[in-house]
Amino acid sequence: MPVFTVLSRVDAYVDYLTKVEADTAQEAVDLVYDCDVDVVWEKSGVVEFDARHVVALDDDGEEIESTARGKG
């Protein structure tokens with residue numbers, strides 16, 4: 001029986017945290033978003049959600065599109 005390599009890709013968010021001095025929470029977000037302050041990010045965790053893509057790979061590691069299931 002043949003053996004196939006199958007890739008499962010799960011969508012996820014990688015969370016990072018930093019500390020910012022500001023007068024309000026909104027100002028802190030704006031400062032970081034607009035790159036107006038230098039920050040050091042610390043990885044906080046990974047959150048997965050159910051948007052899965054499963055597909056077989058060929059011998060070159062390329063996806064075999066006809067085998068794909070789920071969101072790509």
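Which residue in E2 does leucine 7 stand opposite? The legends below take up this and other close-up views of a predicted model.

**View 1. Leucine 7 and valine 10 are shown with the residues opposite them in E2.** Leucine 7 stands opposite valine 55. Valine 10 has arginine 52 opposite. Strands E1 and E2 run antiparallel to each other, and their pairing extends over 12 bridges. Strands of a sheet pair through backbone hydrogen bonds, in either a parallel or an antiparallel sense.

**View 2. The sheet has 3 strands in the order E1-E2-E3.** The sheet is open and its pairing is antiparallel. Strand E1 (5-17) and strand E3 (69-70) are the edge strands, each pairing on one side only. E2 and E3 are joined in the antiparallel sense over 2 bridges. Here histidine 53 stands opposite glycine 70 in E3.

**View 3. Serine 8 belongs to strand E1.** Is serine 8 buried, partly exposed or exposed? Its relative accessible area is 47%, so serine 8 counts as partly exposed, since that class lies between the buried limit of under 20% and the exposed limit of over 50%. Once neighbours within four places in sequence are left aside, serine 8 is in contact with His53 and Val54. Serine 8 and histidine 53 are 45 residues apart along the chain, yet their C-alpha atoms are separated by 5.8 Å.

**View 4. Lysine 71 is located in the segment after E3.** Lysine 71 is exposed, because its relative accessibility of 59% is over the 50% limit. Not counting residues up to four places away in sequence, lysine 71 touches Ala51, Arg52 and His53. The C-alpha atoms of lysine 71 and histidine 53 are separated by 5.1 Å, with the two residues 18 apart along the chain.

**View 5. Cysteine 35 has a positive phi.** Where is cysteine 35 placed? Cysteine 35 sits in the loop between helix H1 (25-33) and strand E2 (42-57). Its phi is near 60 degrees, a positive value in a residue other than glycine. Most residues other than glycine have a negative phi. Cysteine 35 is exposed, because its relative accessible area is 66% and the exposed class begins over 50%.

**View 6. The whole chain is included for orientation.** How many helices and strands does the chain have? There are 1 helix and 3 strands, and along the sequence they follow the pattern β-α-β-β. The C-alpha atoms fill a box of roughly 65 × 20 × 20 Å, taken along the principal axes. The radius of gyration of the chain is 20 Å, whereas a compact globule of 72 residues would have a value near 11 Å. Of the 72 residues, 10% count as buried. Contacts between residues at least 6 apart in sequence include 55% that join residues at least 24 apart.

**View 7. The surface and charges of the chain are summarised.** The accessible surface comes to about 6,400 Å², and carbon and sulfur atoms account for 50% of this area. The chain carries 6 positive and 18 negative charges.

Note on methods
Residues numbered from 1 in each chain as written. Predicted model: local features only at pLDDT ≥ 70, side-chain atom pairs only at ≥ 80, totals over all residues. Heavy atoms only, no water. Helix = DSSP H or I, 4+ residues; strand = E, 2+ residues; numbered from the N terminus. Buried < 20%, exposed > 50% of the residue type's maximum accessible area, 1.4 Å probe, protein only. Rg over C-alpha atoms; globule rule 2.2 N^0.38 Å. Contact = heavy atoms within 4.5 Å. Areas by Shrake-Rupley, 256 points an atom, 1.4 Å probe, with all protein chains shown as cover. Lys, Arg positive; Asp, Glu negative; His and termini not counted. Charge placed at Lys NZ, Arg CZ, Asp CG, Glu CD. Pairing = 2+ DSSP bridges.
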